[in-house]
Amino acid sequence: MLQTTDRGRLGRTLMTAYGAVAYAVFFAVFLYSIGWVEGLVVPRTIDEGPQTPVVVAVMVNLALLSVFAVQHSVMARPWFKHLWARIVPQPIERSTFVLFATAALALVMWQWRPLPQEIWDVDATPVRVVLYAVSFAGWGLVLASTFAIDHFDLFGLRQVLRNFAGKPPAETEFRTPMLYRVVRHPLYLGFLIAFWVAPTMSVGHLLFAAVTTGYILVALRFEEHDLTETFGDRYRDYSARVPRLVPRPRAMSRT
């Protein structure tokens, strides 16, 4: 029979493997989502897939985006984490959230019903290249924002690695690295740029961009409420000094 120390080591190893797999799956789906939104490289994009009547397509797509929004909003709330901790061990709580979020995103892309009618299409090659460059800069801002705080903590790897090393969970810190001195939510700003700056904007792409923008604006309220509850006056002061999404020249000059 396994000794207690052996069982503990095996448990930590399994949780580390679980966290690594969750991260790898997330990163693969995230990369696919870039091609899916941009209409490049991947086998099926936002404007490709099974054809359905417009009303059915809209209803299906709204339902898919609702699943994604509810999963994110509910599982990210402190009260849910408190309940969730009774079922899921703390070291893999974040990895489990990431895995559920990845599954929700994959479901959106898998079952999305295209609405390929064009709203605009930029034919001029130089302008089209510039629009792609700006859109990809948005994706770059998303990734840069995660690394500016703690990419591996955000996606669950840091927690399982600390657990594997026998270290206690890291304390939550309030930090405002460079990007976060310009706007409070550069990650969300990156998504908005990536979704809206499109050389070709279809009805389906517009629906996706509009609904996700609405979700982001609502999610910001919940997130900032939680941050204020956690950090109190420090976050209130930060909110008073730094804009939420649109940079101000004064904020940029301080970076």
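The model is a predicted one.

**The main core**

Begin by selecting W36, V108, W112, W139, F195 and F208. These residues have the most contacts inside the largest nonpolar core, which has 48 residues. Next, colour the helices that supply at least two residues each to this core: helix 1 (4-38), helix 2 (54-75), helix 3 (78-84), helix 4 (93-111), helix 5 (125-149), helix 7 (157-164), helix 8 (186-196) and helix 9 (203-231). Which helix gives the most to this core? Helix 1 does, with eight residues.

Now centre the view on F208 and display its surroundings. Beyond its neighbours within four places in sequence, F208 is in contact with W36, V37, I46, L65, W112 and F195.

**A separate core**

Move on to F174, Y180, F231 and V242. They are among the six residues of another core, which lies apart from the largest one.

**Aromatic pairs**

The structure holds 24 aromatic pairs, and two of them are visited here. Select F174 and F231. Their ring centres are 5.1 Å apart and their planes stand at 45 degrees, so the pair is tilted. This pair links distant parts of the chain: F174 belongs to the loop between helix 7 and helix 8, F231 belongs to helix 9, and the two are 57 residues apart. F231 counts as buried because its relative accessibility is 15%, under the 20% cut-off.

Then select F195 and F208. Their pair is edge-to-face, with 5.0 Å from centre to centre and 75 degrees between the planes. Here too distant parts of the chain are linked, since F195 is in helix 8 and F208 is in helix 9, 13 residues apart. Are these two residues buried or exposed? Both F195 and F208 are buried.

**Helix 7, viewed end-on**

Select L157, Q159, V160 and N163, the buried residues of helix 7. Turn the view to look down the axis of the helix. The buried residues of helix 7 fall within an arc of 165 degrees, so they line one face of the helix.

**T96 in helix 4**

For the last stop, select T96, which is found in helix 4. T96 is buried, with a relative accessible area of 4%. Display its contacts as well: leaving out residues up to four places away in sequence, T96 touches Y18, W84 and V88.

Methods: Residues are numbered from 1 along each chain as its sequence is written. This is a predicted model: local features need pLDDT of at least 70, side-chain atom pairs count only at pLDDT 80 or more; totals for chains, interfaces and linings use all residues. Side-chain values use heavy atoms; hydrogens and water are left out. A nonpolar core is a set of buried Ala, Val, Leu, Ile, Met, Phe, Trp, Tyr and Cys residues joined through side-chain atoms within 4.5 Å. Buried means under 20% relative accessible area, exposed over 50%, partly exposed in between (1.4 Å probe, protein chains only). Helices (H or I, at least four residues) and strands (E, at least two) are DSSP runs, numbered from the N terminus. Contact means heavy atoms within 4.5 Å. Rings of Phe, Tyr and Trp (its six-membered ring) pair if their centres lie within 6.5 Å; planes under 30 degrees apart count as stacked, over 60 as edge-to-face and the rest as tilted. The arc is that of the directions from the helix axis to the C-beta atoms.
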